[in-house]
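Here are a few notes to read alongside the coordinates.

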Amino acid sequence: MKLPYRLPTRMKQLFFALVFGAALLAPAGACSSRFPDEATGGGPPCLPPSYSVSPTSARPGEKVTVAAPAADCNPRYGGTARIAVGVTDARGNKVINATAPMTDSGEFTYTFTVPEEIAVGQATVTAMPHNIDWCDDTGRNNRAEGPVNFERASCAEPVKALTITP
C-alpha cells in the first residue's frame, strides 16, 4: 500500500500495524464460535449426521435398518422433524418412499422389509430431513420453521449402497 504523501518511517509503521491488525481481527470476530443464540442451544445450523444402512446386503423379505446418531452440532430440525427414506432398486424403481420421526438433533432409526418385487443388484438408499432445507445454503436458518419455498442449490443427495441378493 502506497500512501499519497510522505510520512516519517515510524508513523508509516504504526499506520500499517493498525490497518493490518484491524484486517486480522475483523475476520477473527466474524468466525467466532460464539453465536447470539448459543446460550439457548443455538449456534449455526449444520448438516445432518451421516447415516448407516445395516446390513449392507439383503434378500427380499429381510429387514434393513437405516439410522443416524445425534449430530455433534445443533442442526435444529424442530420437534416435529421427519426423515425421508428412499430405496431405489437396480432398475431405477423407487421401491421405498417413506418418512419417519427424527429428533431435533437429526437422530433416527427406520427399519423396513425389503420388498419382494425389488430387482436383484445394487440398490441405493437415501435419507435426508423431510420438507426442510437440510443443506441450508440460503444463509438463513429455515429448518425449524417448517416448509419454506426453498431450493437445494449446492447439496448433493446423500446415497448409501444396498446390495440385493436372490
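1. A charge sits over a ring if NZ of Lys or CZ of Arg is within 6 Å of the ring centre and within 35 degrees of the ring normal. In this predicted model, K160 lies over the face of Y51, at 5.3 Å from the ring centre.

2. Now for the sheet. Three strands make up an open sheet, ordered β1-β3-β6, with antiparallel pairing. The edges are taken by β1 and β6, each of which has a single partner strand, so one side of each is left without a neighbour in the sheet. On average, neighbouring strands of this sheet are turned by 20° against each other, direction ignored.

3. Strand β1 (residues 52–54) runs antiparallel to strand β3 (residues 63–68), and three bridges join them. Here S52 has A67 in β3 as its bridge partner. On to the next pairing: β3 and strand β6 (residues 108–113) are antiparallel too, with six bridges between them. There, T65 is bridged to T111 in β6.

4. Which rings form the one aromatic pair in the structure? They are those of Y110 and F112: the centres are 6.2 Å apart and the planes stand at 25°, so the pair is stacked, as planes under 30 degrees apart count as such.

5. Are these two residues buried or exposed? The cut-off for buried is under 20% relative accessible area. Y110 has 17% relative accessibility and therefore counts as buried. F112, at 4% relative accessibility, counts as buried as well.

Definitions and conventions: Residues are numbered from 1 along each chain as its sequence is written. This is a predicted model: local features need pLDDT of at least 70, side-chain atom pairs count only at pLDDT 80 or more; totals for chains, interfaces and linings use all residues. Side-chain values use heavy atoms; hydrogens and water are left out. Rings of Phe, Tyr and Trp (its six-membered ring) pair if their centres lie within 6.5 Å; planes under 30 degrees apart count as stacked, over 60 as edge-to-face and the rest as tilted. Buried means under 20% relative accessible area, exposed over 50%, partly exposed in between (1.4 Å probe, protein chains only). Two strands pair if DSSP finds at least two bridges between them. Helices (H or I, at least four residues) and strands (E, at least two) are DSSP runs, numbered from the N terminus. Axes are lines fitted to C-alpha atoms, for helices over the stretch in contact, and angles run from 0 to 180 degrees between N-to-C directions.
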